[in-house]
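Open your viewer and keep the selection tool at hand. We will go stop by stop.

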Protein chains: 2
Amino acid sequence: MNHFIITAKDKDSSARCGVLQTTHGEIRTPVFMPVGTRATVKGLLPDRLEKTGSQIVLANTFHMMLRPGVETVEKLGGLHKLMAWNKPILTDSGGYQVFSLAKINRKGDDGVEFASPYDGKKVYLDPKIVTNVQNRLGADIIMCFDECPPFPCSQQELHKAVERTIRWAKICKESHANQNQHLFGIVQGGIDANLRAECTKELVKLDFPGYAIGGLSVGEGYENMKNTLDSTVSFMPENKPRYLMGVGTPADIIAAVAAGVDMFDCVMPTRNGRNALAFTWSGPIRLRNSAYIDDTSPIEADCDCYCCKNFTKAAIRHFFNVGEMLGPILLSLHNIAFYHNLMDKIKQNIDNGTFKSWAEQMSESPAFKVKSQPKENNDE
Amino acid sequence: MNHFIITAKDKDSSARCGVLQTTHGEIRTPVFMPVGTRATVKGLLPDRLEKTGSQIVLANTFHMMLRPGVETVEKLGGLHKLMAWNKPILTDSGGYQVFSLAKINRKGDDGVEFASPYDGKKVYLDPKIVTNVQNRLGADIIMCFDECPPFPCSQQELHKAVERTIRWAKICKESHANQNQHLFGIVQGGIDANLRAECTKELVKLDFPGYAIGGLSVGEGYENMKNTLDSTVSFMPENKPRYLMGVGTPADIIAAVAAGVDMFDCVMPTRNGRNALAFTWSGPIRLRNSAYIDDTSPIEADCDCYCCKNFTKAAIRHFFNVGEMLGPILLSLHNIAFYHNLMDKIKQNIDNGTFKSWAEQMSESPAFKVKSQPKENNDE
């Protein structure tokens, strides 16, 4: 039996619903995956995170191998035990972090040497090492080590990054030694449709159990993202899950679902939540605003999250106003619940055959007024 | 029926167990009350706080009247609604905060004018205003406005503070206009046994539903505290609850229970938790210590709190090491649970008639090695 079953297909777009099987349980797609870079979604205890409707969370290989280190995670019995999270986990390979966060000393076709942002210590990573580290961390879904080029960059640089990403994907696949994990390939190629197509085709030859689209949401803009998505996804096999990395706003996600994407992660709900911005279906609101000083209503009247069921806007404003942790905690919780609600609505509308009209209606919604944030420093 | 029923008395000391009735439910004493100065116990969602065994929490009148302001709290339907806490709440009067935190402009027999530590704005407080504010905040137990003198201070200053505290207690009693609330008197008098006795007797004449001992744990030391407690409590009626404010270490609490005290609050579990110190029955441990880097055991094997049931020492160390909120959250949670466990053991030993031998045995315990912290800046 395939690990990914498509349960519904939209007649008007490439959107679909599915079920992805993993060692720690099944995931209903399209799915939003909250980001827990350093083995915790900031401020949220795991049982609370689960109650928001989270099916799977992300952690980051780059960060985990530097702190606390893969040996420690292994001794603790793996990432799930460390995090006290018994549902699926996905580890990003760290490719993005190496190329965006670290001071790179030396980059070659084999690997990359950089200075740890924690203590400046030299670290060398190559696809074999990264795969081995992820095998040992023990996430349910792991990612190939890729080179994520900056945007914009020269054609030469872009070609080089794609070439290395393909070469490294082969090595990752060969090195992968933990059959409890799905190893996903990552497509690079900037906004160059030909390069994206080439990269996708090469990765598909390697027959990964899932494919990711990397290197988007780095400042290329909505139209470029949409066009690139279409030209990438069309070369992917239908029966494998597709994951758009680091994206994005509600509008980005709906567009990507229409293009056939199944999985998403983004720091927007949590990072914005910590900065007092709450997502609502009437548009985002800033809880520091003095307009809410006496507002006895919840952030969203029909939201079932713990924040909305228990706290008024005025109370949340108060917590932010006096610098209490509860402000960031409550809004992180609500915003994650909002994203899961968004995914639920997407699934329902695909199931009901109403996805296209709903998406069109949504595109007029104030909830879509949130701007994309370029992904720099996107590791939370 | 009395609002306070004594259910067990220790034969060897003044320790007792009781049940205190309030508008939001009953409280089993001796009780530890976690501190939620600004209407939140730092980092803990209310349902999680309740699961640690918390029966009642503190909030602070001084802070609440400055931020978000009593009008706002009233509009939100009172403190319970603001905090999303439907069990008992106690508000401290703010006397301690005025005299320890604020820049005082003018102090007289009638009241005190000070600069708000938030924005420098002039604020005037007197016993009538403070009582009215507390009536409107709506806590179940409210406190008289007292003058808390520094330690050490001159005899003249101490006399003056006691005189004002008594005078103000009368005004608080007369102004008190919310019969859903118990108004407690506060005894001052430093470590002067005669002054404490005098202050207690005068307050007892006013017939409050409970009596607090203020002005201790301000640097006077364990022996001074114990002696002062004895000379104060002996003048209090037996059938009223007694509350030792801002105390303390496990050793302080056991000594005070032996002296006949029923209620305690202290920032030690939460403030220490945020600084990576965990209370255990084998003594306090510091989770930043590299000794715990690979430690797969929980903080305390037989502790039932969410932290101990789910997280290893190594994981908690990791969260502190990388500056994640989950570290402070987990240890605040555990330390509050530890304090509630301490109170449970106290209650059981009083019930079983074994309190004295247990307390003696405990005084040898490494859990008692925690030092008192002078109360300066004790508003969290």
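Select B:K107 and B:V112. These two are bridge partners, and B:V112 lies in strand 8 of chain B. Strands here are DSSP runs of E with at least two residues, helices are runs of H or I with at least four residues, and both are numbered from the N terminus.

A word on the model before you move on. It is a predicted model, where local features need pLDDT of at least 70, side-chain atom pairs count only at pLDDT 80 or more, and totals for chains, interfaces and linings use all residues. Residues are numbered from 1 along each chain as its sequence is written, while chains are lettered from A and ligands numbered from 1 in the order in which they are written.

Now widen the selection to residues 112-115 of chain B. This is strand 8, and it pairs with strand 7 of chain B in the antiparallel sense over 4 bridges. (Two strands pair if DSSP finds at least two bridges between them.)

You have an open sheet of 3 strands, in the order 7-8-9, with antiparallel pairing. Which are the edge strands? Strand 7 (103-107) and strand 9 (122-125) of chain B, since each pairs on one side only. From one strand to the next, the twist averages 25°.

Next, select residues 127-137 and 155-175 of chain B. These are helix 6 and helix 7, packed at an angle of about 40° with their axes 8 Å apart. (Axes are lines fitted to C-alpha atoms, for helices over the stretch in contact, and angles run from 0 to 180 degrees between N-to-C directions.) That makes helix 6 of chain B oblique to helix 7 of chain B. (Under 35 degrees counts as roughly parallel, over 145 as roughly antiparallel, 65 to 115 as roughly perpendicular, and the rest as oblique.)

Show the side chains where they meet. On helix 6 of chain B, pick B:P127, B:K128, B:T131 and B:N132; on helix 7 of chain B, pick B:W168, B:I171, B:C172 and B:S175. (Residues are in contact if their C-beta atoms, placed from the backbone, lie within 7 Å.)

Last stop: show both chains. The contact takes 30 residues from chain B and 30 residues from chain A. On chain B, helix 13 gives the largest share of the side that touches chain A, 5 residues.

Definitions and conventions: Two residues are in contact if their C-beta atoms, placed from the backbone, lie within 7 Å.
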